[in-house]
Amino acid sequence: MALPPIFDRLRLPVIGSPLFIVSGPDLVIAQCKAGIVGSFPALNARPQPLLDEWLHRITEELAAWDRAHPDTPAAPFAVNQIVHRSNDRLEQDLATCEKWKVPITITSLGAREELNQAVHGWGGITLHDVIDDRFARKAVEKGADGLIPVAAGAGGHAGTQSPFALVQEIREWFDGPVALSGAIAHGRSILAAQACGADLAYIGSAFIACSEANADAGYKQGIVEGRAADIVYSNLFTGVHGNYLRGSIVAAGMDPDNLPEGDLKTMNFGSGGNTKVKAWKDIWGSGQGIASVRKTEPVADFVARLTEQYRDAWRELQARVIG
């Protein structure tokens, strides 16, 4: 199935995933100008009225870019909504997104039919992130237009299944848009995501090191210096299993190899979870693919390198098949 027309402006088949605290207007605008979908969690705009200001700025700056660069228009942007009951801002945030006709809505930690209907009502589409086939089926049954399989190795809240197994199961019954998440930080990995059945790559951790990201300098350096062995999988910090940088856990005075279990029932998303330290602010999320990130640089430069790597990988693959 062809991707919806909303993705026609992409110059590289990539969605920059919404990063709690890290993603803001600077990062989103830079991603869209570079030709990939930029996104941010609605909850990053605090207090809630700030969301209106952010959407105003993003909409106006991307429109100005399009007028000045008709041959390379900006890609669409997305807003992530946390659907879990702990999010008491959801209705307000949806109303603000409706005002600005947000083109893509990414939903997490739950699927709601009424939310999908609302987004469709203003002309947008919804993508729901899932960690297994069962949740994928539920999301589509409730009206999601596309899926984001979050496979093993993804940053933040991640599943445990191989991307090959997860995408294959979904593709047996679903022919809509699929954006694969999980340790993708190199152009060849984007091509690999497509080869296994996804339409798009969903990249997050690598953008933390970009100049426009709202991340602590130490966090960015941790991404640049980190490797897969530096990632710890735990549900302590939010009640939901996720991947985090080992160094940030050590800096918080905890043993990353002996973390207790968390509890989703006591979670207050983004406000401390089950510990005195705060997930994302003190405990830094990261995926396993960060060894490909070698330096801090502007989004435009990073996406340009991803594009070159993607094209090189495609040419190499063609040579192997033909030769």
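Select S162 and F164. The S162 side chain reaches the backbone nitrogen of F164 at 3.1 Å. This is a predicted model, so read each stop with its confidence, given further on, in mind.

Stay on S162. It lies in the loop between strand 7 (156-157) and helix 6 (163-171). Buried or exposed, or in between? S162 is partly exposed, because its relative accessible area is 33%, between the 20% and 50% cut-offs.

**Next stop: S23**

Select S23, in the loop between strand 1 (14-16) and helix 1 (25-33). S23 counts as buried because its relative accessibility is 1%, and the cut-off for buried is under 20%. Show its side chain together with L19. The S23 side chain reaches the backbone nitrogen of L19 at 2.9 Å.

What does S23 touch, leaving aside residues up to four places away in sequence? Select S17, P18, S39, F40, P41, N44 and W54 to display these contacts.

**Into helix 1**

Move along to helix 1. How many of its residues are buried? The count is 7 of 9, and the helix is mostly covered. Colour the buried ones: P25, L27, V28, I29, A30, Q31 and C32.

Then bring up their surroundings. The buried residues of helix 1 pack against strand 1, strand 2 (38-41) and strand 3 (77-82). They also pack against helix 2 (50-68), helix 8 (205-208) and helix 11.

Just after helix 1, pick G35. Its phi is positive, at about 100 degrees.

V321 is exposed, because its relative accessible area is 66% and exposed means over 50%.

**Last stop: confidence**

Colour the chain by pLDDT. The average is 94, and 96% of the residues score at least 70. Then select residues 268-272. Over this stretch the pLDDT is below 50. The stretch has 13 contacts in the model beyond near neighbours in sequence.

Terms used: Residues numbered from 1 in each chain as written. Predicted model: local features only at pLDDT ≥ 70, side-chain atom pairs only at ≥ 80, totals over all residues. Heavy atoms only, no water. Buried < 20%, exposed > 50% of the residue type's maximum accessible area, 1.4 Å probe, protein only. Helix = DSSP H or I, 4+ residues; strand = E, 2+ residues; numbered from the N terminus. Polar contact = N/O pair within 3.5 Å; in protein donor to acceptor, adjacent residues only side chain to side chain. Contact = heavy atoms within 4.5 Å. pLDDT = per-residue confidence, 0-100.
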